[in-house]
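Colleague: I would like to learn how to read a model like this one, feature by feature. Could we go through it together?

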Amino acid sequence: MTLGPSAWPDADREKYWKIQQSQLPGNPPARGHGGAVSTALNGLAARVGEEALRQGGSAVDAVMSAALAQIVLGGGAVISFFGILALMHYDAASGEVTSLNAGWNTIIAEDDPLSIPGKLNPAADGVANMMLEGEPSGRTAMVGGFMRGLEAAHRRFGKLQFAQLFDAAIELAEEGFEVSASLARYIDLRKSDLARLPETRSIFFKDDGTPYVEGDHFRQPALAETLRRVASEGADYMYKGTWAARCVAAVQRDGGKMAMSDLADYRPIWSTPATIGREEYVIAVLGEPCEGSVNLIESLHLAEEAGIRDLGHWSMSGESLVRLAKCCAAMGGMRYESEEEHRKAFPGIDMRRSARLTREHAAELWARLEDQAPIRLVPKGTHSDVVVAVDADGNMAALCHSINCLIWGQTAIVVDGVSVGDPAAYMQSMVAATLPGAQLPNPIEVGIVLKDGKADFAWSSMGVGLHYQTTQSLLNVIDFGMAIEEAANAPRLLLPISPDGSQRELLLRVVEGEFPDDVLAATGLEIKSIAPADARFAQGLWVAVRRDPDTGELTAISPSYTNGRATAI
């Protein structure tokens with residue numbers, strides 16, 4: 001039986017389409033014993049993952065089928081079948097935790113990456129103002145590992161037939177759906193770029209020459225056919241077959257250096273997870289190559305050095321709030337910069353990734369941060385989506401996937417329905433520091449938390465403020481004993497926006513009304529309060545599923561300020 005909405009009970013189909021089309025549907029925690037799924041965005045995709053579990057699928061089957069549906073529902077704007085994917089998995093039978101990175105591979109023939117065109121405006125407030133300027137260039141494309149990663153994870157941990165994972169995505173692409181407010185906004189923001197190439201224009205513009213708007217019926221038949229071919233032929237279709245050849249041709253027409261061998265040689269990377277221990281807890285996160293894991297472990301070590309737990313929660317202590325801000329800001333905004341650029345920010349401290357994973361490094365860095373008010377922040381605008389699932393056997397899977405650029409990218413190259421993106425347009429330093437044809441370290445923060453040696457909860461995060469939200473959510477659970485639903489909704493510190501990316505005084509951005517006035521006043525710092533309706537665009541999104549080791553009850557959470565969903569059986 002298909003995983004798609006056509007096979008669901010009428011009540012479920014109506015319910016989840018309503019959630020999908022709502023910007024703030026309200027996302028209560030879900031509880032059950034037979035499996036659970038949570039998404040940060042695209043609530044209908046959570047129901048796809050649930051259907052995979054209902055039909056005997058594994059946690060990996062659930063997150064992968066949901067992720068495929070998410071991309072179709074988003075029109076390939078912020079996530080892509082040629083984007084990146086990262087997965088953490090816990091095997092209940094063996095207790096093994098594994099890490100899979102399917103990030104960007106650099107282009108072998110790209111011999112001058114620092115000259116790749118493009119630059120984001122990191123000081124801009126809002127996606128529209130961060131758009132790239134100048135001429136689009138195929139040199140900004142890299143090789144995305146999403147489909148290879150999906151296939152590799154399914155081979156190792158899947159239970160359903162590979163082709164079955166594509167059921168819902170193909171149905172949604174073929175039958176179409178109503179354009180949501182967010183997709184309409186993305187199309188409007190990018191309409192001039194979407195009109196540049198005939199193939200892309202044919203997808204996002206109607207027969208009368210106008211772009212799709214909210215409420216229009218939107219179909220993606222070319223994408224449906226591509227997905228059918230992948231479902232029947234495997235990922236080789238996109239890395240060695242017809243799609244690969246068409247992708248290379250499209251990129252080269254825009255001046256890119258991508259070759260068929262770049263795609264054919266792509267391999268996702270299984271690696272040993274990085275870990276950090278905190279009393280009875282062990283936090284396992286993505287192994288190499290992953291910059292996000294380094295950022296997170298470093299911040300958690302810093303929080304311990306800063307004595308935040310002893311000071312009390314940052315919602316009740318001004319000093320704790322200041323120290324949290326310094327711990328998060330030290331590296332959390334510096335994704336995609338080279339180790340050399342890190343060293344310039346903190347001269348005299350070893351900023352190699354291997355060093356940043358250690359407590360000794362955190363002690364040295366915290367000593368500097370205690371006396372150093374300016375924090376270097378270079379926020380980057382990227383988009384992604386996440387899915388977390390636990391199956392009936394207790395296996396856990398936490399996934400994050402992304403196009404890793406701003407809504408389709410300036411190039412807006414779409415090949416047989418699949419968006420290609422322009423991630424190298426703002427990662428020139430990272431590309432230059434990576435060997436040709438090798439995988440870039442990614443900024444993703446996703447993991448499994450074990451307590452007393454048993455899996456406790458799986459989580460994933462996304463958004464420009466993902467590092468801040470993840471650090472605080474984990475500290476809320478591990479240091480302050482909160483349930484995951486309390487942790488996700490506790491008063492939060494938001495990612496500050498640096499006016500120009502240079503050194504400046506520490507600024508605290510918070511959600512209006514979440515912190516007592518006396519706590520904010522006690523910090524002695526400039527405070528910028530964001531209205532709750534606007535804050536969801538300035539913070540990270542954190543989802544999790546927790547399993548009670550005694551009762552087996554599952555609790556799934558999704559942010560209350562998105563159209564994601566937590567669902568359980």
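**Reading the model**

Modeller: Start with Cys 328, which counts as buried at 0% relative accessibility. Buried means under 20% relative accessible area, exposed over 50%, and partly exposed in between, using a 1.4 Å probe and protein chains only. The model is predicted, so local features need pLDDT of at least 70 and side-chain atom pairs count only at pLDDT 80 or more, while totals for chains, interfaces and linings use all residues. Residues are numbered from 1 along each chain as its sequence is written, and side-chain values use heavy atoms, with hydrogens and water left out.

Colleague: How many disulfides does a search of the whole structure find?

Modeller: A disulfide is a pair of cysteine sulfur atoms within 2.5 Å. The search finds zero in this structure. Cys 327 is in none, and its nearest cysteine sulfur, that of Cys 328, is 6.8 Å away. Cys 328 is likewise in no disulfide, with the sulfur of Cys 327 as its nearest. Cys 327 is also buried, at 1% relative accessibility.

Colleague: Stepping back, how many helices and strands does the protein have?

Modeller: Helices (H or I, at least four residues) and strands (E, at least two) are DSSP runs, numbered from the N terminus. Here there are 22 helices and 21 strands. The radius of gyration is 22 Å, close to the 25 Å that the globule rule gives for 569 residues, so the protein is as compact as a globular protein of that length. That radius is taken over C-alpha atoms, and the rule is 2.2 Å times the number of residues to the power 0.38. Along the principal axes, the C-alpha atoms fill a box of roughly 60 × 55 × 40 Å.

Colleague: What share of the 569 residues counts as buried?

Modeller: The share is 64%. A contact means heavy atoms within 4.5 Å. Among contacts between residues at least 6 apart in sequence, 73% join residues at least 24 apart.

Colleague: Which residues of helix α5 are buried?

Modeller: In α5, residues 167-175, they are Ala 168, Ala 169, Ile 170, Glu 171, Leu 172 and Ala 173. Their cover includes α1 (10-21), α2 (43-54), α3 (59-73), β5 (177-178) and α8 (221-233). After α5 comes Gly 176, with a positive phi near 85 degrees.

Colleague: Where else is phi positive, in a residue other than glycine?

Modeller: One case is Glu 279, where phi is near 55 degrees. Glu 279 is in the loop between β8 (274-278) and β9, and at 65% relative accessibility it counts as exposed. Another is Ile 407, with phi near 20 degrees. Ile 407 lies in the loop between β11 and β12, and is buried, with a relative accessible area of 0%.

Colleague: How many aromatic pairs does the structure hold?

Modeller: Rings of Phe, Tyr and Trp (its six-membered ring) pair if their centres lie within 6.5 Å; planes under 30 degrees apart count as stacked, over 60 as edge-to-face and the rest as tilted. The structure holds 14 such pairs. Phe 204 lies in helix α7 (residues 198-204) and Trp 408 in the loop between β11 (396-402) and β12 (414-415), so the pair ties together parts 204 residues apart in sequence. Phe 204 is buried at 2% relative accessible area, and Trp 408 is buried at 0%.

The rings of Tyr 239 and Tyr 266 have centres 5.9 Å apart and planes at 35 degrees, so that pair is tilted. Tyr 239 is in helix α9 (residues 236-239) and Tyr 266 in the loop between α11 (260-264) and β7 (269-271), so parts 27 residues apart in sequence are tied together. Both tyrosines, Tyr 239 and Tyr 266, are buried.

Colleague: Which residues form one aromatic cluster?

Modeller: Trp 17, Phe 177, Phe 204, Tyr 212, Phe 218 and Trp 408 do.

Colleague: Where does the charged end of Arg 156 sit?

Modeller: A charge sits over a ring if NZ of Lys or CZ of Arg is within 6 Å of the ring centre and within 35 degrees of the ring normal. The charged end of Arg 156 is over the ring of Trp 270, 4.4 Å from its centre. Arg 47 lies over the face of Trp 8, at 4.8 Å from the ring centre.
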